[in-house]
Amino acid sequence: MIINNYGFTDFFEAQTMQEGLIPARVTAVFKDFFKVVSDDGEHLAKLKYVAFMGAMNTELPAVGDFVALESHPQDTSLIHGVMNRKTVFKRADPGGGEQLVAANFDYVFIVSSLNHDFNINRLERYLTIAWDSGAKPVVILTKADLSENVAQVVTEIELIAYGVPIFAVDNLSRSGFDEIESFLKPGETIVLLGSSGVGKSSFINSLSGKSLMKTSGIREDDSKGKHTTTHRELHLLQSGLLVIDTPGMRELGIGQASDGLGETFQDIELLAHDCKFRNCQHGSEPGCAVQDALTNGSLSEVHYANWIKLKRELAYFERKNNPALQRAEKQKWKAVHKALETQYKSNLKARKK
């Protein structure tokens, strides 16, 4: 069956659906329509309005989702519901809440180029989101032909990406691709994550063995590539591998990825267990194991600073989307301002005397 070629495993087959509906996978999302593939082939579909009335953004179909479909191959099919997801990739929505990017993938391929645009802090951010998705992260370093420091960069990544596979590749010569292909199996789905211009489209073309995606060169002044991918789409390669490409996202909020943060910074989380106080904030408290590690040099200050930054971002997102936390924060600052005002009035009276 066609749908089996698109990753329809026992996990999804075990889910029941209304009689007369068939399973389909979303391969692309547009403004008002979805491209889906089922045993009836690939065609357009739209939401059955009643089924999704009042649904949140994260409850709507995303690329990679399996859906219950009322199939009309010669017309427009209707999506009645979204099947339970195996994994999901979310980002903080600038308008508040979370935005679904992709679903039901086995690996998150974090693509970063080995040129001047390489950024270890951004990589830690992507690792946090990858771990939180429920899938396994893999680091892909493109443009290996342009770098003389491949081994050094790989070592640097290994220090912060514990147990994560790392592959350095050259998209033009296909150097390094044999290792990747032996790592993957037909029917598995990968989603690509990375900034604009790191070579994601070229990577897909090299992985597939043909030109599936439009590509552009890199700018000589800053070594940054030009943005080419404009929407999310799932591709079935000749090898049987499924690839979800995503537009480059230089600024990517971590949303509610608390589990992913703990996985990415597990070295700091382990150190924190040895702190003297259970509620240690890892700043100036006595007996802080994290600060001790910073002092003796066993913990990188850059790694620690990025952890603090992402923790604050996570806390801000939680406050922003949690009315109870918003009220608590408001009350806290009211109390602070009231105490300052009381102190000011007391000092003023003392000066008048």
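**Close-up views of a predicted model**

The protein averages a pLDDT of 81, and 77% of its residues score at least 70; pLDDT is the predictor's confidence in each residue, from 0 to 100. This is a predicted model, in which local features need pLDDT of at least 70 and side-chain atom pairs count only at pLDDT 80 or more, while totals for chains, interfaces and linings use all residues. Residues are numbered from 1 along each chain as its sequence is written, and side-chain values use heavy atoms, with hydrogens and water left out.

**Figure 1. Overall content of the protein.** The secondary structure comes to eleven helices and 13 strands. Helices (H or I, at least four residues) and strands (E, at least two) are DSSP runs, numbered from the N terminus. Of the 353 residues in the protein, 45% are buried; buried means under 20% relative accessible area, exposed over 50%, and partly exposed in between, with a 1.4 Å probe and protein chains only. Among contacts with a separation of 6 or more, 66% join residues 24 or more positions apart, where a contact means heavy atoms within 4.5 Å. Over residues 215-230 the pLDDT stays under 50, and the model has 35 contacts beyond four places in sequence for this segment.

Figure 2. A cavity is a set of points, on a 1 Å grid over the protein atoms alone, where a 1.4 Å probe fits but cannot get out; its lining residues have an atom within 4 Å of a point. Grid points are joined across faces, edges and corners, and a volume is the space filled by probe spheres set on the points. The count is two cavities of 30 Å³ or more. The largest cavity has a volume of about 80 Å³. Eleven residues line the largest cavity, and Val111, Ser112, Arg122, Tyr126 and Ser195 lie nearest its centre. Strand S8 (107-113) and helix H3 (120-133) each give at least two residues to this lining. By class, the lining of the largest cavity holds five nonpolar, four polar and two charged residues. In this scheme Ala, Val, Leu, Ile, Met, Phe, Trp, Tyr, Cys and Pro count as nonpolar, Asp, Glu, Lys and Arg as charged, and the others, Gly among them, as polar.

**Figure 3. The second largest cavity.** About 30 Å³ of space lies in the second largest cavity. Its lining consists of Leu127, Trp131, Ile160, Ala161, Tyr162, Val164, Glu263, Thr264 and Gln266. Two or more of these residues come from H3, and two or more from helix H7 (258-264). The classes in the lining of the second largest cavity are six nonpolar, two polar and one charged.

**Figure 4. Helix H3.** H3 has 14 residues and reaches 20 Å from its first C-alpha to its last, close to the 20 Å expected at 1.5 Å a residue; the expected span is 1.5 Å times one less than the number of residues. Eleven of the 14 residues of H3 are buried, and the helix is mostly covered. Among the buried residues of H3 are Arg122 and Tyr126, as well as Leu127. Arg122 and Tyr126 also belong to the residues nearest the centre of the largest cavity, while Leu127 lines the second largest cavity.

**Figure 5. Ala24 in strand S1.** Ala24 is found in strand S1 (residues 22-29). Ala24 counts as buried because its relative accessibility is 0%. The C-alpha atoms of Ala24 and Val67 are 5.3 Å apart in space, although the two residues are 43 residues apart in sequence. Leaving aside neighbours within four places in sequence, the contacts of Ala24 are Ile3, Val36, Val37, Ser38, Asp65, Phe66, Val67 and Leu69.

Figure 6. Arg174 lies in the loop between strand S10 (166-168) and helix H5 (177-183). Its phi is positive, about 65°, although Arg174 is not a glycine. At 30% relative accessibility, Arg174 is partly exposed. Ser206, in helix H6 (residues 200-208), is buried, with a relative accessible area of 8%. Not counting residues up to four places away in sequence, Ser206 touches Asn171, Arg174 and Phe177.

Figure 7. His282 sits in the loop between helix H8 (266-272) and helix H9 (289-296). Phi of His282 is near 60°, a positive value in a residue other than glycine, and His282 is buried at a relative accessible area of 9%. Pro186 is in the loop between H5 and strand S11 (189-193). With a relative accessible area of 62%, Pro186 is exposed. Beyond four places in sequence, Pro186 touches Ser239, Gly240 and Leu241. The C-alpha atoms of Pro186 and Gly7 are separated by 8.7 Å, and these residues are 179 residues apart along the chain.

Technical notes. On a 1 Å grid over the protein atoms alone, a cavity is a set of points where a 1.4 Å probe fits but cannot get out, and a pocket is an open set with protein on both sides within 12 Å along at least five of seven lines; lining residues have an atom within 4 Å of a point.
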